[in-house]
Amino acid sequence: MRLASVRHLYERRGPFVSVYLDTARVTEDAATAVELRWRRIDEELAARGAPPDVRAPIGELVTEPAQAAPGRAVFAEGGSVVLTEPLAAPPRREIARWSPLPHVVPMLAQRGETVPHLEVLADHAGAEVIVSCGGPKRELTVEAAADWPIQKTGQGGWSQTRYERDAEETWRRNAVAAAEVIDKEAHGIGAELVVLAGEPQTRRMIMDALGKETAGRVVVAERGSRAPGSADEPFQAEVDHAIEVWQRKRHAALLDAYHSGPYATGLAETARALRDGRVATLLLRDDPSSDATLWIGPEGTQLAAEPGELNDLGVELPVEERADAALARAVAVTDAELWFVPDLDAPDGVGAVLRY
């Protein structure tokens, strides 16, 4: 996954409060339970030195009924909430952290691999394009680029042949208009997949009009229609399957690339590669219990296994921080990718596929 959604956090000086809280409201006493859980987290943050003005907006947020969700991750700095995200399930562990960097990795791991993709339902009159890149989906309707011709018969009217020719040209123009939107949106989000469903002939016309790069990412779905009353579930099942297949292939390809090299293995080596901007993809074993640390400086790529390495680079006072937090910051600011893996043949459960 790309970490564009958290990159703005690293433009702030910190320190940060990071909170992961069960905020589900499914029982009658849920409001009281959330209040009690927050009170416990708030006391823990206070004991760790987080000031009241940083903690207060988090308390207001997580106890607000309108913000109810199975779980919530919240990050605050300088007296305001700078990022919050509802979790699809309660957090694997509740967290209260006051630290130099935001502790984003549990949120990213629970969110899962985000696959930027488009979902397209098309017919002769236009298309519905759903853009998904993490966070809320964005829905676009591609209106007909040309009106459907009216069939005329009789003296002075159109022949059937002419009507069919004009109808096909209108159909083609509408497919081209849809393809232009698909191309633009796919490039805009760096789409890995375009799942295309609808009328077979329209699908072929769209494929012919797409740019080569976008066309190469298309997966055709046989189920799905724009017709009123059409069920969404069969198409969504095909979308989910296409994403799962892509993830499996991508995961296998990354492990092959890691074993083939060039690669970095272990915290120390990987930190040096991130410092030099050589990491294409960071591979991180998903281990919620990890308490490994690295040393960091104020800049995103200032991280090392030993403080002396940063001293040599001009960082006077390195700070010890969670390794996963330091790695996430470096990945975000170097525009690398992060992939969680269930297991990895590497010291510390950390490795990287290198750019060079």
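**Figure 1. The second largest pocket of the predicted model has a volume of about 520 Å³.** This pocket is lined by 33 residues. Those closest to its centre are Asp-287, Pro-288, Ser-290, Arg-322 and Asp-324.

**Figure 2. Strand 4 (95–99), helix 4, strand 11 (279–285) and helix 11 (323–333) each give two or more residues to the lining of the second largest pocket.** Among these elements, helix 4 contributes the most, with four residues. Sorted by class, the lining of the second largest pocket holds 15 nonpolar, 13 charged and five polar residues.

**Figure 3. Five elements, namely helix 1 (4–7), strand 3 (80–87), helix 4 (105–111), helix 8 (233–260) and strand 15 (337–341), each supply at least two residues of the lining of the largest pocket.** Strand 3 provides the largest share of this lining, four residues. By class, the residues that line the largest pocket are 15 nonpolar, eight charged and seven polar.

Figure 4. Helix 4 (105–111) supplies at least two residues of the lining of the largest pocket. In the second largest pocket, helix 4 gives four residues to the lining.

Conventions: Residues are numbered from 1 along each chain as its sequence is written. This is a predicted model: local features need pLDDT of at least 70, side-chain atom pairs count only at pLDDT 80 or more; totals for chains, interfaces and linings use all residues. Side-chain values use heavy atoms; hydrogens and water are left out. Ala, Val, Leu, Ile, Met, Phe, Trp, Tyr, Cys and Pro count as nonpolar, Asp, Glu, Lys and Arg as charged, and the others, Gly among them, as polar. On a 1 Å grid over the protein atoms alone, a cavity is a set of points where a 1.4 Å probe fits but cannot get out, and a pocket is an open set with protein on both sides within 12 Å along at least five of seven lines; lining residues have an atom within 4 Å of a point. Grid points are joined across faces, edges and corners, and a volume is the space filled by probe spheres set on the points.
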